[in-house]
Amino acid sequence: MDFKNVTVAGSGVLGSQIAFQSAYHGFDVAVYDITDDALTRAKERFEVLKKHFKKDLKATDEQLDAAYGRLSFHTDLGEAVENADLMIEAVPEVLDIKKEFYTDLAKVAPEQTVFATNTSTMLPSTFAEYTGRPEKFLALHFANDIWRSNTAEVMGHGGTDESVFNDVVEFSKAIGMVALPLHKEQPGYILNTLLVPFLNSAQYLVVNGISDPHTVDKTWMIATGAPRGPFAILDVIGINTPYHLSVAKANAGDAEAAKVADYLKTEFLDKGRMGIQNGKGFYDYPNPRYMDPDFLKE
Ligand code: NAD
């Protein structure tokens, strides 16, 4: 099936990016959120996105205005999905919110609409029964800064129809993504299945006094030729996210995670070192030491 009309539900950080990316590539996009205030914030996000598309993709004002013109804004769910071939959900990463959203959506969406969730940490099988159309439901997972980090991990659950899966793969390519199909459900998809243990191991080396962040990064960069080590990556993610993950694991009884949480709090968060977003983390920006050619020679 050729998708033409897309609905994006939730117009926060990721939803606004998915909506604008789709509109930029010629799709008509209905943007849905629960309040007018949220939609007002989304409109502000679109203005910021226009600047990024201009700088990073050399988009012209004409292209950006045309993309914006393909967006419509809704607080009524039924109205937002009435013409949707594909609905992409980017509502908060809270189980009850997603369950309630799919229950409401199932009542108002046309029969042919395919549903895709952008969840980062949950599995599509968790919501499949609430969608009323498990065979037309799967995960389509984007990365933050979608226009330049253009991965689209496509992951069905056991009951996803193969043709629906393939249609979503084609759609993701049509909006400028590199489609990365997964053949089975996997918590964390491909990227986080690799990245989370990698980052945890890096933090383990430091909180146990085995090494220090810059030496760990240097080791990784020289040995593999990677442009960044794990601590530089943590700066990009922002220290808050690994901190919250460690706190959750610590609360579940993980003693290593408790050490990491304590370290991130006292050495970084309490000192206002939030990562690249405020210019201070494991490195100081805009010219972090790991980008200095001498970093790898010292
Ligand atoms: P966000 O908090 O920035 O945005 C969520 C939006 O959903 C808000 O605008 C909120 O008003 C709206 N909302 C709340 N309840 C709603 C409902 N019932 N119906 C419709 N909209 C509702 O969140 P985000 O960072 O954009 O994350 C959204 C989803 O995308 C999550 O599942 C998250 O795991 C996933 N994701 C996030 C990132 C990221 O880096 N932020 C990356 C990949 C995937």
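Me: Which residues touch the most other members of the largest nonpolar core?
Reply: First, the ground rules. This is a predicted model: local features need pLDDT of at least 70, side-chain atom pairs count only at pLDDT 80 or more, and totals for chains, interfaces and linings use all residues. Residues are numbered from 1 along each chain as its sequence is written, and side-chain values use heavy atoms, with hydrogens and water left out. A nonpolar core is a set of buried Ala, Val, Leu, Ile, Met, Phe, Trp, Tyr and Cys residues joined through side-chain atoms within 4.5 Å. Buried means under 20% relative accessible area, exposed over 50%, partly exposed in between (1.4 Å probe, protein chains only). Here the largest core has 41 residues, and Val29, Leu140, Phe142 and Phe171 touch the most other members. Helix H1 (residues 13–24) gives the most to this core, with 6 residues. Another core, of 24 residues, lies apart from it; Leu195, Val206, Tyr243 and Phe268 are among its members.

Me: Where is phenylalanine 171 found?
Reply: Helices (H or I, at least four residues) and strands (E, at least two) are DSSP runs, numbered from the N terminus. Phenylalanine 171 is in helix H7 (residues 162–174). Phenylalanine 171 counts as buried because its relative accessibility is 3%.

Me: What does phenylalanine 171 touch, not counting residues up to four places away in sequence?
Reply: Contact means heavy atoms within 4.5 Å. By that test, phenylalanine 171 touches Phe3, Val6, Ser22, Phe27, Leu86, Ile88 and Leu140. Phenylalanine 171 and lysine 4 are 167 residues apart in sequence, yet 9.4 Å apart in space, C-alpha to C-alpha. Now try valine 29, again skipping residues up to four places away. Valine 29 touches Val6, Val8, Ala19, Ser22, Ala23, Arg70, Leu71 and Ser72.

Me: Is alanine 152 buried or exposed?
Reply: Alanine 152 is buried, at a relative accessible area of 0%. Look for it in strand E7 (residues 151–156). Beyond four places in sequence, alanine 152 contacts Leu140, His141, Phe142, Ser172, Met177, Val178, Ala179 and Leu180. The C-alpha atoms of alanine 152 and isoleucine 88 are separated by 12 Å, and the two are 64 residues apart along the chain.

Me: Which residues form a nonpolar patch on the surface?
Reply: Patches are made of residues with over 30% relative accessible area and no salt bridge: like charges are joined within 9 Å, nonpolar side chains (Val, Leu, Ile, Met, Phe, Trp, Tyr) within 5 Å. Accessible areas come from the Shrake-Rupley method with a 1.4 Å probe; for residues, only the protein chains shown count as cover. In this model Tyr204, Leu205 and Ile210 form the patch, with about 270 Å² of accessible area together. Isoleucine 210 sits in the loop between helix H8 (191–207) and helix H9 (213–224). Isoleucine 210 is exposed, at 51%.

Me: How many salt bridges does the structure hold?
Reply: Side chains of opposite charge can pair when their charged atoms come close. A salt bridge is a side-chain nitrogen of Lys or Arg within 4 Å of a carboxyl oxygen of Asp or Glu. The structure holds 16. One of them joins lysine 50 and aspartate 65 (3.6 Å, N to O). Lysine 50 lies in helix H2 (residues 36–57) and aspartate 65 in helix H3 (residues 61–69), so the pair ties together parts 15 residues apart in sequence. Lysine 50 is buried, at 14%, whereas aspartate 65 is partly exposed, at 48%.

Me: How far apart in helix H7 are lysine 173 and glutamate 170?
Reply: They are 3 residues apart, so about one helical turn separates them. Their side chains meet in a salt bridge (3.5 Å, N to O). Lysine 173 counts as partly exposed, at 45%. Glutamate 170 is partly exposed too, at 45%. Elsewhere, salt bridges that share partners join Lys55, Asp56, Asp145 and Arg148 into one network. Within it, aspartate 145 meets arginine 148 at 2.8 Å, N to O.

Me: What is the phi of aspartate 145?
Reply: Most residues other than glycine have a negative phi, and most peptide bonds are trans. Aspartate 145 has a positive phi of about 60°. Aspartate 145 lies in the loop between strand E6 (137–142) and E7. Tyrosine 189 also has a positive phi, near 55°. Tyrosine 189 is in the loop between strand E8 (178–182) and H8, and is buried at 1%. For the peptide bond, go from tyrosine 285 to proline 286: it is cis, with omega near 15°.
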